[in-house]
Amino acid sequence: MTIDLPIDSADAGLDRDCTTLSRHVFQQLQSFSPDAQDLSAIMNRIALAGKLVARRMSRAGLMEGVLGFTGEVNVQGETVKKMDVYANDVFISVFKQSGLVCRLASEEMEDPYYIPENCPIGRYTLLYDPIDGSSNTDTNLSLGSIFAIRQQQGEDKDHKATDLLTAGRGQIAAGYILYGPSTMLVYTIGNGVHSFTLDPSLGEFILTEENMQIPNHGSVYSVNEGNFWQWDESIREYIRYVHKTEGYTARYSGAMVSDIHRVLIQGGVFLYPGTLQKPEGKLRLLYESAPLAYIIEQAGGRATTGHIDILDVVPTKLHERTPLIIGSKQDVAKVESFIQNGY
Ligand code: P6P
């Protein structure tokens, strides 16, 4: 007996469930070359890291030793959450025995970590913020992981990884994992921005949206107004402008990945300016601002320090910080206009 299935709908549903991250990379590259194989495998490992962190977060309240602080302070001078350490180790573990990634540079590690069995054959470096917004860990609010992939330049025999001190336009891939009501992975390899949603029943990230485009303008401005009196007058003037101008609304979650994901979808601007005491700001260039800038630029938006594009900033040190203004073109330009009018 033959089964008369409406082939299109059956194929469409099945095909969508089979459009995993690793397959999508090949579709993007239109190639099965060794480089394409490497990138597909790397993205697959990052997806595994996301699944491990998401699983831990979803059970945090039921397990001992998952939440709370370690009692340590990291290289940034920030108190370390147990989840920061777990997630940091997850990204290292998923790349062990991969032959792909030799070095990992993380917000949580002063120096890059070298995976012995992968060096020097592995020519890729992972730069990541394992848990972005860890202040939200213990309150069951959204969190993120941010990642960028770069190709190692040179032999790095002294393990100083100085080849990483280059502008963000050299990133091969970048993206983030958003641990929210659903777990999403958003990435780019320079050919648009694409989102995937974790289907727990499959244990796979399934394609959700291709070629995401950020609106040219949105009503959201996302900034920690508790820092108002620490800012330069030009930023205060911008805030006064959005306060008295109809059509703006404030949204700020304490986790940049969550706030920037909202801006990517609805439009608007996220800003973490420098302060009078710390003009360089809080956010780190290589594994926070630059990957997110790559995503937002690829989606048709902009990311700047207020003076130069984030992707053109050349760092002098691994944990370099920059001010960050990122989002819709019109809204980023509006903030820049206040900065450049020199209030
Ligand atoms: P504040 C989290 O630590 C983070 O790096 C971003 O995710 C977030 O937007 C920002 O810092 C929050 O910092 O100073 O507003 O608490």
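Modeller: Helix α8 lies across β13, β14 and β15, and runs at about 150° to β15, where axes are lines fitted to C-alpha atoms, for helices over the stretch in contact, and angles run from 0 to 180 degrees between N-to-C directions. This is a predicted model, in which local features need pLDDT of at least 70 and side-chain atom pairs count only at pLDDT 80 or more, while totals for chains, interfaces and linings use all residues. Residues are numbered from 1 along each chain as its sequence is written, and side-chain values use heavy atoms, with hydrogens and water left out.

Colleague: What makes the span of α8 close to the one expected?

Modeller: The expected span is 1.5 Å times one less than the number of residues; α8 (residues 329-340) has 12 residues and reaches 16 Å from its first C-alpha to its last, close to the expected 16 Å.

Colleague: Which residues of α8 are buried, and how do you know that they line one face of the helix?

Modeller: Asp331, Val332, Val335, Glu336, Phe338 and Ile339 are buried in α8, buried meaning under 20% relative accessible area, exposed over 50% and partly exposed in between (1.4 Å probe, protein chains only). Seen down the axis of α8, these buried residues fall within an arc of 160°, so they line one face; the arc is that of the directions from the helix axis to the C-beta atoms. Their cover includes α5 (233-244), β13 (268-272), β14 (302-304) and β15 (324-327), with contact meaning heavy atoms within 4.5 Å.

Colleague: Why do β12 and β14 stand at the edges of the sheet?

Modeller: The open sheet of five strands has the order β12-β11-β13-β15-β14, with mixed pairing. β12 (249-250) and β14 each have a single partner strand, so one side of each is left without a neighbour in the sheet. Two strands pair if DSSP finds at least two bridges between them, and three bridges join the antiparallel strands β14 and β15.

Colleague: Why is the pair of Phe228 and Trp229 called edge-to-face?

Modeller: Rings of Phe, Tyr and Trp (its six-membered ring) pair if their centres lie within 6.5 Å, and planes under 30 degrees apart count as stacked, over 60 as edge-to-face and the rest as tilted. Phe228 and Trp229 lie 4.9 Å centre to centre with 85° between the planes, and therefore form an edge-to-face pair.

Colleague: Are Phe228 and Trp229 buried or exposed?

Modeller: Phe228 has a relative accessible area of 14% and is therefore buried, whereas Trp229, at 63%, is exposed.

Conventions: Helix = DSSP H or I, 4+ residues; strand = E, 2+ residues; numbered from the N terminus.
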